Amino acid sequence: MSDPVLEIRNLDVNYGLGDEAVHAVRDVSLTLHRGEVLGLAGESGSGKSTLAYGMLRLLPPPGVITGGQVLYHPRDGEPLDLMTLSTANLRRFRWSEISIVFQGAMNSLNPVHTIAAQLCDVIAAHEPRTSRAAQRARAKDLLKLVGINADRLNSYPHQLSGGMRQRVMIAMALALEPRVVVMDEPTTALDVVMQRQILAQLVELRERIGFSVLFITHDLSLLVEFSDRIAIMYGGRIVESAPAQDLYRESLHPYSDGLLHSFPALRGPRRELTGIPGSPPDLRAMPSGCAFHPRCPKAFEPCADRSPVLAAPPGTSSATDNRTVACWLHAVERVNT
Amino acid sequence: MGYLLRRIGFYAFTAWAAITINFFLPRLIPGDPVQALIARSRGQLDANAIQSLYILFGLDTDTGIVEQYFDYIGQLFRGDLGLSFTFFPTPVSEVLSDSLPWTLGLVGITTVISFLLGTFMGVLAGWWRGSWADMLMPVTTFLSSIPYFWLGLIAITLLADAGGAFPSSGGYDPGVVPSWDMDFVWSAVYHSLLPAITILISSMSGWVLSMRNMMLTVSSEDYITVAHAKGLSERRVMIGYAARNALLPNVSGFALSLGLIVGGTLLVEIVFSYPGVGFQLFQAVGAKDYPLVQGIFLIITLSVLVANLFADLIYLLLDPRTRKEG
């Protein structure tokens, strides 16, 4: 296992203040290693996007980060805690170290500026000494990188198709050669053919340039194929984290199992699709104990009362197997209590 | 380019329609200008005078309405709008050219200032919502709900009448001769201060409110979050991304309000007896001065059309989505 680039430690994010606050992300810890693709999956409202925005302090009000650390390990020097970074430093940090490709391919580009202007302004903001000609040349190279003809440079966003716009966003995300790229459902707004094209391109670019990816999606089958490791979120918590192949072969948490059986597999033998009964939990009134127990087919006596801890399942060691799960079915202490 | 020509063609057609209506409307009113003059002079005109008036107005010849119509359009192109009754025998065009600069100067400048200032305040209020800037909102809402004539009268009562600091009426001091010297310019500026301030107070809040609303709408767009994530400076995001997009509806509102400069300020000029087009219109209506009313209406219509064309052009410039591919 290579060195960590980004470590999220016990991050808590609320919407609103006081008693009315909704706990969207609770006590989430996650580590992204160098060159790795970490998948983050879960239903709508499970807190995956909130986690991504929260760790970059991009949450609009009323989103508040109430606790935790986000440690970034630079190439050299001491790790930085993004939560305590000054505004000016945070601004320099954003995009040059961690960039984001957002969910809405259609609305991520400013409609009144050309593609060139939007590619250049990020370069100008971080490397003010670059000349205009050099900026444009960089913008041209970036477009070439994602397979868009350089004569599109002076186009406005509305003149491009959805797939092209998302490619422009990916090009923009790579403009400053960041070490981490967060992809928040980058292909949800696109059709399936376009999805595959863009993902294939992404994999190729990652091999060429070498950045780490935090890939957020609800499409688990996509993750199984493209990511090294997968973390599953439910009700604002991580419920399982495992290497992609292990999770696919043998998911431990009943929720992961349900998610896997909600999508047709892209490869391999046919499986029956079952889906998950019920609907995602209301974050304002979370069930007691394990948040998943009202929908869980395997719920038993401790599930409704006590919340399971995210830990290595029995029979594995965290050092070698690198997987954790928060479920009473796989709790070590279950035997004793 | 083709789009532009189509717009210009459309406005030319509208202008023609307005001129035609302007021609026919007064002719639907019973009586004629000579009769109106006879009534005004209370029987002091004898038969000869009446006959010469008919000749003077060109009403002695028995021309058909179609011929009159083409004559009228021909006159318009020569800038001839007929003779005013109230200022008889001054031509309407002369009356208008005397009063237009006053209106354009006072209302034009205040409209531009009001738009710039109000929009800028709206940008700030929208960007820093939830802070002290929100205090601005109840104040502007209150100000925008005050009827203008009341505000003007109160301003005159408090600041102009009985030894107040400002003159209460007129466009310049009766003692100075209109010319481009310091005395006259200063006098004109001094006389316009009070009406200008009252216009600003009552019109600026509209710009603040609409700009703030648009800023709020735009602030939740994805590209604003992207701009933040790109690490652009706060000012760059506010101006280049949020305000730049929020400005679009306000700009078309502004262009339309430019069209209303000429005619929409009746109240200001009446309250302050300001020698502009609005005051002239008020007097002309009172005196049944049809040629003058007709001339003023024509100017108002044309300025609204020109402002609309201007709005189209600005929009074309500001919003690439409205440009058709050539």
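In β5 of chain A, D81(A) is the bridge partner of L71(A). The model is a predicted one, so to speak of local features a pLDDT of at least 70 is needed, side-chain atom pairs count only at pLDDT 80 or more, and totals for chains, interfaces and linings use all residues. Residues are numbered from 1 along each chain as its sequence is written, with chains lettered from A and ligands numbered from 1 in the order in which they are written.

Two bridges tie β4 (residues 63-72) of chain A to β5(A), and the two run antiparallel; strands (E, at least two residues) and helices (H or I, at least four) are DSSP runs, numbered from the N terminus. Strands pair if DSSP finds at least two bridges between them. The open sheet has four strands in the order β2-β1-β4-β5 (chain A), with antiparallel pairing. β2 (22-33) and β5 (80-81) of chain A sit at the edges with a single partner strand each, so one side of each has no neighbour in the sheet.

Turning to the interface, 23 residues of chain A are in contact (C-beta atoms, placed from the backbone, within 7 Å) with 19 residues of chain B. On the chain A side, α2 (87-93) and α3 (115-126) each supply at least two residues, and α3(A) gives the most, with four.

Within chain B, V95(B), S99(B), L100(B) and T103(B) of α5(B) meet V277(B), G278(B) and Q280(B) of α12(B).

Technical notes:
Two residues are in contact if their C-beta atoms, placed from the backbone, lie within 7 Å.
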